[in-house]
Amino acid sequence: EIHGKEMLELCHCCLVTNNSGVTPSGQCGAWVKEPEGGHFTSPNYPEKYPPERECIYIIEASPRQCIDLFFDEKYSIEPSWDCKFDHIEVRDGPFGFSPIIGRYCGRESPMYVRSSGRYLYIKFVADGELEAIGFSARYNFTPDPEFKGLGELPALPFCEFELSGPEGFVESTQITREKRALPTEAVDCRWYVRAPPRAKIYMRFLEYEMHNSNECKRNFVAIYDGSSSVEHLKNKFCSTVANDVMLTSSLGVVRLWADEGSRKSKFKILFTTFLDPPCEGDTFFCHSNMCINHTLVCNGIQNCVYPWDENHCKEKRKPSILDSLDNTNITIIAVTCGLVVILLIISVIIQVKQPRKKYIIRRFTLSDGTPTSGFQQASRLSHHTTPAGHRNILAMKHSYSQDGGEGYREADDFMIYEGPTTSGHHIHHHQIHHGMPGLDHTVHRTLSNDF
Ligand SMILES: [Ca+2]
Ligand SMILES: [Ca+2]
C-alpha cells in the first residue's frame, strides 16, 4: 500500500515537472525521465531499429521553462532523397502540426535543438525495408529567456477536479468558488471528466476568453483525450477562439494554465457523454453519430452538435413562460387592464351623454319586412312647425343593403310613429341605428338649436 502511495506521488511529480510521453507506448525504445531532463532512443538502439515503425515522442517542460535537446553522435537512419523513407522530424510545439524545425535522415542529425516554448514533438518513422541503428537523444529543461528576471515560479497550488454524469459544466470560476488558489497566484488546474466505459465525450465551449490573448506561455486551455499525459493532448487554445472538441475516449481532461497576470482568463465548457450509434434503449439519436441520455432532451441546453435535442420542445416551454411571470408582473398587467377598462367606460359615457341635447325617437315597422331578404330599410318622415305655425313635412327615404349585393330597394309602405314635435327648429343632423331586418327600428334624430 505504501508502495502504491509512493508511486502516486512520483507520478504526480512526473506530471508536473516532466510530463513527456511516447506513442505507441512500449514499442518505441527506452525513455528515462529525471526531474531536470531525461533521455530516449529509437527501438533496439544501439541495435538496428525494426521495420514498419512510427514513434512519436513529446517532451513537455514546466511553465517558464524550455527544452534543450541533444542527439548522440552514434546515429544512423536509412538515407533517402528528401528523407521520404526513414526519417526523424522535429517540431517546435506539442502537435504534429506545430512549426517544423527539421526533417533528418542518413548521417545528418538534428544535433542540437532548443524549443521556443514548453514543448517539442519528435517523430521517428521506419518503412518496410533497410534499417539502421537509429538515434539516442538527451534533453534538459532550462529557464525560458522570455521570463528572465521573473525568477523561479513559486510552487503552484494543487488544483484538480473530478466530474461525471450525462452532462456537466467545466468552468474556471470553480477555482475561486472552491478557494483552490488566491487571485494573485498562478494556476495549473485540471478537470477530469469521466464517462462510463465505451462512452465518449463531446465538449462544447460556452464561454472562452484568455486574459492575455495569443500569449500561449502565459495562459491557455488544453483538452486531453485519454489521460492528462502530453501524448494525449488533443487541443490547446490560447488565441481569441476555441473550438468544440469530440473526444474518442471515456476520460477527458481540461487544463487551465494562467500565470499571475492572467487570472482573468476564463472559460466554460459543457460536456456531454455519448455512445456510438445504433442508439440502444431510451437514448436519443443526435443525427451526428451521438446517442445521448434521454434526460438531456428538451432540458434547455444544447447537447448535440446541432440542436436536435432542443427542437420541437414547445409543449414543455409554454408553462415555463407562465412560470416566469412573478407577482409583480401580474400586478402590473392587472392594473393596466383595469385602467384601460375604466377609460373605455368613461369614453362611452361621454359619447352617450354629449349629443343628448334633444332627441326625437321615432319607431316604425316595415310592413313587408322579410327576414331573409338581407336588406333593411330605414325611412323617415319628419316634420316640424315653422314659427308661423305652418307645418312643413320632410320625407326622406333610405334603403340600405347590408351585404352589398342586394342593391337598392325602395320601401313600399311604412308606418310612422310621430313623437312630440317642437317649433322653431331646423333639422340639422340625424343618426340612424340599424337593428335586424324586419324588426322594429329606432331612429334617433338630432336637432340642434341654430339660434
Ligand atoms: Ca527503412
Ligand atoms: Ca439538451
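User: What rules apply to numbering and to the model?
Analyst: Residues are numbered from 1 along each chain as its sequence is written, and chains are lettered from A and ligands numbered from 1 in the order in which they are written. As the model is predicted, local features need pLDDT of at least 70 and side-chain atom pairs count only at pLDDT 80 or more, while totals for chains, interfaces and linings use all residues.

User: What does the secondary structure of the protein come to?
Analyst: There are 4 helices and 28 strands. These are DSSP runs numbered from the N terminus, with at least four residues of H or I for a helix and at least two of E for a strand.

User: Why is strand β15 called mostly covered?
Analyst: A residue is buried if 20 or more other C-beta atoms, placed from the backbone, lie within 10 Å of its own; with 12 or fewer it is exposed, and in between partly exposed. In β15 (residues 219-225), 7 of 7 residues are buried, so the strand is called mostly covered. Asn219, Val221, Ile223 and Asp225 point one way, and Phe220, Ala222 and Tyr224 the other way. Of the 451 residues of the protein, 25% count as buried.

User: What makes β15 and β18 a pair?
Analyst: Two strands pair if DSSP finds at least two bridges between them. β15 has 7 bridges to β18 (residues 251-258), so the two pair, and they run antiparallel. One bridge partner is Gly252 in β18, for Asp225. β15 also pairs with β16 (residues 233-237) in the antiparallel sense, over 4 bridges; there Ile223 stands opposite Asn235.

User: How do you know which strands are at the edges of the open sheet?
Analyst: The order is β2-β3-β10-β5-β8, with antiparallel pairing. β2 (31-34) and β8 (112-114) each pair on one side only, and these are the edge strands. β2 is joined to β3 (residues 37-41) by 4 bridges, and Lys33 has Gly38 as its bridge partner in β3.

User: What makes a set of residues a nonpolar core, and which members touch the most others in the largest one?
Analyst: A nonpolar core consists of buried Ala, Val, Leu, Ile, Met, Phe, Trp, Tyr and Cys residues joined through C-beta atoms within 7 Å. The largest has 65 residues, and Ile67, Leu120, Met203 and Val254 touch the most other members. At least three residues come from each of domain 1 (2-145) and domain 2 (160-274), bounds that come from an automatic or database domain assignment.
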